[in-house]
Amino acid sequence: MNLQQLTTFCKVLSEGSMTAAAEKLFLTQPAVSQQIRALEDEMGVSLLVRGVRQVKPTMQGQLLYDYAKRILHLTQQAEIAIQTISQDISGDLRIATTNSFGLYLIGPIVGLFLKHNTSLNMKLTYGTARDIIEDMRHNRVDVAVLPDLKNEYGIELDDFEGRFVLKDEMWLVASGKDATIPPSITMDQFASMPIVGQTDYYPGFGKKLYRRLEELKVPYKPVFESDNVGTLKRVVESGLGWGFLPSHSIKKQVRARRMTHIRVDEMNYSVNVNMYARRAEGLSQMVEVFYRAIQQQALTAN
């Protein structure tokens, strides 16, 4: 058993399939399958129940998954701690992102940076993507984690360099306690349940959603709306409605069956999430270490 196998195993379960895990890990599907088989052979048990559309853990697989997440998290913490100590990072770093990405990617690693770098001053700001873009334009931000600026907002900022962090999707989810929720729907059925709406959708997804609903003459009248994904998750889990939420923020709840993921083939949507860093003298060392830390967090958080 090695860290690569554990990383692959965790990614298969978080993504729900070998194919999706292979895409996220930049591997071929046979390479992923080979790693899982090797892990099963070494453990002497079946770790996955392989379904037509989705894989699920066996009882032994769930136990290994729980331990593997802890192992990978500790490994990540060790790597970040070693990197930050060895790099002797100092100075000011202004970071901006949305609430969802902040809680998922940045919040967990801030403490490690500050603990090992007493000369480092960090400022983390949450806001809407458009507000953050304005701050980037006016030199109020050094690093921003946002959906792809060119594809989602039609802009490029010459002062910033973008690096890929993860691929996100939009999922329709409902409470896992509601046994009447169907496994899949078409968009003309969207208003058959109370709708929980996100006011800060990815622009591309928002346009696709509203255009499709208008074509079908399906009313969009949410019973609750917010730009705070954490609040929306609690509303959905409580059974007050269903809604589209970014997959990175809800995979844990879906895996734990606190939420149900409903397939809507006509609304498949994915977007690259990037880290944008200002091209400025004195930032490169901090930015490099920070990027590696975010990459590790993205790999292990789900």
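**The largest pocket and its lining**

Mentor: Start with the elements. α1 (3-15), α2 (18-25), β2 (55-57), β6 (160-175), α10 (251-255) and β10 (259-262) each supply at least two residues of the lining of the largest pocket. Helices (H or I, at least four residues) and strands (E, at least two) are DSSP runs, numbered from the N terminus. This is a predicted model: local features need pLDDT of at least 70, side-chain atom pairs count only at pLDDT 80 or more, and totals for chains, interfaces and linings use all residues. Residues are numbered from 1 along each chain as its sequence is written, and side-chain values use heavy atoms, without hydrogens and water.

β6 gives the most to the lining, with five residues. The pocket holds about 1200 Å³ of space. That volume is the space filled by probe spheres set on grid points, joined across faces, edges and corners. A pocket is an open set of points on a 1 Å grid over the protein atoms alone, where a 1.4 Å probe fits, with protein on both sides within 12 Å along at least five of seven lines; lining residues have an atom within 4 Å of a point.

In total, 39 residues line the largest pocket. E15, G16, Q54, W171 and H261 lie nearest its centre. The lining divides into 17 nonpolar, 10 polar and 12 charged residues. Nonpolar covers Ala, Val, Leu, Ile, Met, Phe, Trp, Tyr, Cys and Pro; charged covers Asp, Glu, Lys and Arg; the others, Gly among them, are polar.

Now look at the loop between α1 and α2, where S17 sits. S17 counts as buried because its relative accessibility is 18%, and buried means under 20% (1.4 Å probe, protein chains only).

Key:
Buried means under 20% relative accessible area, exposed over 50%, partly exposed in between (1.4 Å probe, protein chains only).
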